Amino acid sequence: MKATLLGAILCSLVAVLATIVADRYQAPVMLCALLLGLLLHSFYQHQNIQLGVNYCSRELLRFCVGLLGVSIAFADIVSLGITPPLIVMVSMLLTILFGVLFARVLALPKMFGVLSGGAVAVCGVSAAAAISTVLPNDKSQEKYFALTVIGITTFSTLSMIFYPIIASYLGFSDELAGVFIGGAIHDVAQVIGAGYSISPEAGDVATYIKLLRVALLMPIVMMVFLAYKEKDSEMPGGVSAFIPSFLIMFFVLAFVKNLGLLPLWVIEIIRSMSSNLLVVAIVAIGVKTSLKQVFSVGWRPVLLMGSETVILATLIITGIICFY
């Protein structure tokens with residue numbers, strides 16, 4: 001408990017500083033939080049700090065995302081129509097297929113193509129962890145999983161910084177920027193950080209699109225399981241182990257809010273709590289990220305994950321331009 005508290009206090013203090021800096025220079029608070037966190041990565045080497053940072057970057061983050069359900073209006077979701085979800089789902093499938101094929105071109109294991117492609121297409125590290133549990137047991141699996149985690153974290157962080165700039169350059173509306181951000185960035189934290197750095201509307205749309213991708217994790221894991229089905233390839237914990245609790249919390253709160261069962265003042269308190277705690281979670285993501293580790297791996301895995309990232313973003317942009 002003490003170790004967890006120390007790391008949480010560090011992230012909270014940096015979050016307060018990021019908020020002050022953002023207000024002073026009219027900069028996106030999420031971006032300030034991320035950059036300040038990256039500068040403090042050396043603190044992550046201390047074990048009495050790691051627990052708290054890990055808690056903020058995982059449990060606290062998921063809790064915050066669940067709370068964001070009160071910000072979603074079903075009327076706004078319906079207004080998006082069927083096109084954005086279709087663009088995103090087709091792009092996800094093509095990205096995974098590209099990962100498998102390009103891995104073979106680079107003389108990397110097909111398993112790594114599935115793992116990295118699934119992580120990029122669905123929800124980053126969480127998807128990598130879920131997919132890895134249904135892949136055949138292999139002595140190199142842990143190494144490739146570690147490479148995926150490092151690579152995905154880095155590319156997702158870079159996406160959070162540059163994708164809002166790309167959306168602005170392409171002249172996307174807040175709604176279309178949200179579709180692009182939610183459909184192209186890997187991890188939930190960075191999607192939220194990038195989306196809400198543009199506008200509240202872009203953040204709401206990005207969150208909905210991202211959670212749609214998270215909801216597709218289970219079918220994708222099942223398909224990977226069936227493709228690699230072997231005697232020693234099992235799904236420990238059962239199907240329910242792959243259903244994120246924060247996803248359930250998000251839709252429950254959204255449903256209750258849209259039924260009009262929550263008073264306005266309660267909704268505002270939850271929104272404020274979620275936005276403030278999200279800054280803390282973004283700081284933790286930054287503190288955990290080590291660019292030095294990323295640069296120490298071979299170039300082929302980095303090229304594969306970078307290419308998958310670019311392909312997914314390109315497919316989303318192409319779909320938006322073609323249909324809007």
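1. The protein chain has 16 helices and 0 strands (helices being DSSP runs of H or I, at least four residues, and strands runs of E, at least two, numbered from the N terminus). This is a predicted model, so local features need pLDDT of at least 70 and side-chain atom pairs count only at pLDDT 80 or more, while totals for chains, interfaces and linings use all residues. Residues are numbered from 1 along each chain as its sequence is written, and side-chain values use heavy atoms, with hydrogens and water left out.

2. On the overall picture, 52% of the 324 residues of the protein chain count as buried (buried is under 20% relative accessible area, exposed is over 50%, partly exposed is in between, with a 1.4 Å probe and protein chains only). Take the contacts between residues at least 6 apart in sequence: 81% of them join residues at least 24 apart. Contact here means heavy atoms within 4.5 Å.

3. Let's start with the helix pair α1 and α14. Helix α1 covers residues 2–25 and helix α14 covers residues 264–288; they pack at an angle of about 110°, with 8 Å between their axes. The axes are lines fitted to C-alpha atoms, for helices over the stretch in contact, and angles run from 0 to 180 degrees between N-to-C directions. That makes α1 and α14 roughly perpendicular to each other (under 35 degrees counts as roughly parallel, over 145 as roughly antiparallel, 65 to 115 as roughly perpendicular, and the rest as oblique). On the α1 side the contact uses Cys11, Ser12, Val14, Ala15 and Thr19, and on the α14 side Val279, Val280, Val283 and Ala284. By type, the residues of this contact are 7 nonpolar, 2 polar and no charged (Ala, Val, Leu, Ile, Met, Phe, Trp, Tyr, Cys and Pro count as nonpolar, Asp, Glu, Lys and Arg as charged, and the others, Gly among them, as polar).

4. Next, α6. As for cover, 11 of the 12 residues of α6 are buried, so the helix is largely enclosed by the rest of the structure. Among those buried are Met111, Phe112, Val114, Leu115 and Val120.

5. The loops on either side of α6 are worth a look. Ala107 sits in the loop between α5 (83–105) and α6. Ala107 has a positive phi of about 60° although it is not a glycine, and at 57% relative accessibility it counts as exposed. Val122 lies in the loop between α6 and α7 (125–132), and at 0% relative accessibility Val122 counts as buried. Leaving out residues up to four places away in sequence, Val122 touches Met92, Ala127, His186, Lys210, Arg213, Val214, Leu217 and Ile220. Val122 and Leu211 are 89 residues apart in sequence, yet 9.4 Å apart in space, C-alpha to C-alpha.

6. Now α9 with α10. Helix α9 (residues 174–184) is mostly covered, with 9 of its 11 residues buried, including Leu176, Val179, Phe180 and Ile181. α9 and helix α10 (residues 188–198) pack at an angle of about 165°, their axes 9 Å apart, and are therefore roughly antiparallel to each other. Asp174, Ala177, Ile181 and Gly182 in α9 meet Val191, Ala194, Gly195 and Ile198 in α10. The residues of this contact split into 5 nonpolar, 2 polar and 1 charged.

7. α10 also packs on helix α11 (residues 200–215): the axes come within 6 Å and cross at roughly 160°, so α10 and α11 are roughly antiparallel to each other. From α10, the contact takes in Val188, Val191, Ile192, Gly195, Tyr196 and Ile198; from α11, Pro200, Ala202, Gly203, Asp204, Ala206, Thr207, Lys210 and Val214. These residues divide into 9 nonpolar, 3 polar and 2 charged.

8. At 5% relative accessibility, Thr157 counts as buried. Setting aside neighbours within four places in sequence, Thr157 is in contact with Leu34, Leu38, Gln190 and Thr289.
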